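Visitor: I have a model open and would like to learn how to read it. Where do we begin?

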Amino acid sequence: MDPQDPVADTELSEAAPEDRSAAEGELVRQFQERVFLIAVVRTRDREAARDLAQETMLAVIRSLREGRLLDAEKLPAYVCGTARNLINNFLRARRRRPETGQALQEPATNGSQVDDVEQSERQFLARRAIAGLQPADRLILLLTLVDGLKPGEIAEKLGLSSEVVRKRKSRALGRVREIIATRSRK
Amino acid sequence: MDCSRVRAEGIAESYLLGRLDEPDREAFEEHLVACAACADELAGLYTLKAELQRSREQIVADAAVRPRTWHRPWVLAVAAAVLAVAAGLGVWMRLQPASGPRPELAALAAIEPPAYAPMRLRGSEDEAARRFRVAMELYAAGDWNGALPGLRAAAALDPEAPQIAFYLGACALLAGETDEAIAELERTAALGDTPFLEEARFLLAKAHLRNGDLGSSGNELAEVIALDGDRRQEAQDLLKRLDASGGPDT
């Protein structure tokens with residue numbers, strides 16, 4: 001567990017009722033985005049991921065209120081387990097009725113107003129980082145992250161060696177990471 | 001799972017791409033929920049992916065307008081043409097051009113001895129490191145022939161050490177042992193993404209040039225340019241000068 005993480009110290013289930021809502025707010029603030037991330041990667045559906053993250057937080061808060069979770073240390077694992085169950089149920093249900101499944105790979109920029117400031121800022125920084133890369137590096141990142149190609153496959157497409165592709169990819173990712181990280185340093 | 005493994009193995013990227021097996025996936029998810037730094041890393045990659053996807057058409061279009069030096073077939077065509085002329089006339093390096101200047105290939109093949117700054121090694125020095133250190137003292141004094149045997153011994157003891165392979169290659173090239181230089185520099189490059197990769201490729205281009213193998217030299221220069229590091233400009237200039245020797249599309 002991250003020692004800087006305030007949630008680690010939140011002993012919500014033991015809090016007095018008047019402190020509860022603040023502690024619950026903090027819990028949601030800390031965990032909801034992380035659960036959303038897991039859900040959106042697994043389902044590739046932002047709307048569903050938002051719902052799943054919310055459902056997860058509600059279920060966790062319910063358990064805490066009912067005193068079913070006494071050990072604050074186990075909170076992250078509990079959140080994760082709850083999220084995983086809900087995500088797996090969702091995926092199973094979607095497989096059973098694929099015709100009603102939502103469009104895969106929905107672009108992040110089409111998100112609703114629920115997108116918070118943090119995410120818009122990240123988008124802005126990602127765009128800036130991409131713009132600062134050389135065209136070939138942008139293409140290498142596109143083929144890697146969007147098309148899921150491995151360095152050897154990209155090398156073949158571009159007429160480069162895998163070693164060059166690997167090096168350029170890791171350098172480009174490093175640059176992007178540096179720029180996006182300026183957000184969390186502020 | 002911990003942050004150092006996530007970083008070292010690119011776990012966040014593999015997770016995003018759905019490439020983790022179930023135990024690793026679950027371990028990463030558990031770690032992620034408890035770790036702000038790794039959650040940030042994944043959020044950054046996820047956003048980057050979405051933004052790349054959004055600009056796909058533009059990215060593909062921009063990349064289609066590549067520098068000429070990326071086109072390896074072109075490099076090969078130039079090299080083949082130059083070599084064909086050379087073969088036909090025997091001593092190709094003395095050829096006088098019908099028009100325009102021909103590069104002085106011997107001058108182009110000249111190299112500066114790669115600088116060497118001794119590194120402080122952690123822990124006790126093993127036999128390979130000791131031989132390397134002693135040989136590099138001779139190297140630093142400009143005694144290439146004196147340094148070679150020690151570097152060969154060090155390389156035999158520790159074939160995976162990129163600095164030994166690289167300086168053995170460089171030293172062989174300086175001592176006029178071009179074939180050995182090519183073998184050692186190729187071995188350096190094959191060790192992957194090390195601090196010596198770009199320099200090894202650049203010296204390989206020079207070594208092939210010295211052998212009159214312009215095709216291989218051009219290929220290595222294209223690799224150097226693609227690596228886009230400190231030698232990029234120099235590699236481009238060198239390719240241009242090869243081009244000036246009479247490429248078909250100039």
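**Two helices side by side**

Guide: Start with one pair of helices in chain B. Trp144(B), Ala147(B), Leu148(B), Leu151(B), Arg152(B), Ala154(B) and Ala155(B) of helix 9 meet Ile164(B), Ala165(B), Tyr167(B), Leu168(B), Cys171(B), Ala172(B) and Leu174(B) of helix 10. Two residues are in contact if their C-beta atoms, placed from the backbone, lie within 7 Å. This is a predicted model: local features need pLDDT of at least 70, side-chain atom pairs count only at pLDDT 80 or more, and totals for chains, interfaces and linings use all residues. Residues are numbered from 1 along each chain as its sequence is written, while chains are lettered from A and ligands numbered from 1 in the order in which they are written.

Visitor: At what angle do the axes of helix 9 and helix 10 of chain B cross?

Guide: Two packed helices are described by the angle between their axes and the distance between the axes. Here helix 9 (residues 144-157) and helix 10 (residues 162-174) of chain B have axes that come within 9 Å and cross at roughly 150 degrees. Axes are lines fitted to C-alpha atoms, for helices over the stretch in contact, and angles run from 0 to 180 degrees between N-to-C directions. Helix 9 and helix 10 of chain B are therefore roughly antiparallel. The cut-offs: under 35 degrees is roughly parallel, over 145 roughly antiparallel, 65 to 115 roughly perpendicular, and the rest oblique.

Visitor: Which pair can I try across the two chains?

Guide: Take helix 5 of chain A and helix 5 (residues 56-64) of chain B. Their axes come within 8 Å and cross at roughly 135 degrees. Helix 5 of chain A and helix 5 of chain B are therefore oblique to each other. Pro135(A), Ala136(A), Arg138(A), Leu139(A), Leu142(A) and Val146(A) face Arg56(B), Ile59(B), Val60(B), Asp62(B) and Ala63(B) in this contact.

Visitor: How many residues does the contact take from chain A and from chain B?

Guide: Chain A gives 46 residues and chain B gives 41 residues. On the side of chain A that touches chain B, helix 7 of chain A gives the most, with nine residues. That side holds 25 nonpolar, nine polar and twelve charged residues.

Visitor: How many helices and strands does chain A have?

Guide: Chain A has seven helices and zero strands. Chain B has 14 helices and zero strands. Helices (H or I, at least four residues) and strands (E, at least two) are DSSP runs, numbered from the N terminus.

Visitor: What share of the residues of chain A count as buried?

Guide: Of its 186 residues, 35% are buried. In chain B, the share is 38% of 250 residues. A buried residue has 20 or more other C-beta atoms within 10 Å of its own; 12 or fewer means exposed, and in between is partly exposed; C-beta atoms are placed from the backbone.

Visitor: Which residues of the largest nonpolar core touch the most other members?

Guide: In soluble globular proteins, nonpolar side chains tend to be buried together. A nonpolar core is a set of buried Ala, Val, Leu, Ile, Met, Phe, Trp, Tyr and Cys residues joined through C-beta atoms within 7 Å. The largest has 105 residues, and Leu37(A), Ala39(A), Leu42(B), Tyr46(B), Leu151(B), Tyr167(B) and Cys171(B) touch the most other members. Helix 10 of chain B gives the most to this core, with ten residues.

Note on methods:
Ala, Val, Leu, Ile, Met, Phe, Trp, Tyr, Cys and Pro count as nonpolar, Asp, Glu, Lys and Arg as charged, and the others, Gly among them, as polar.
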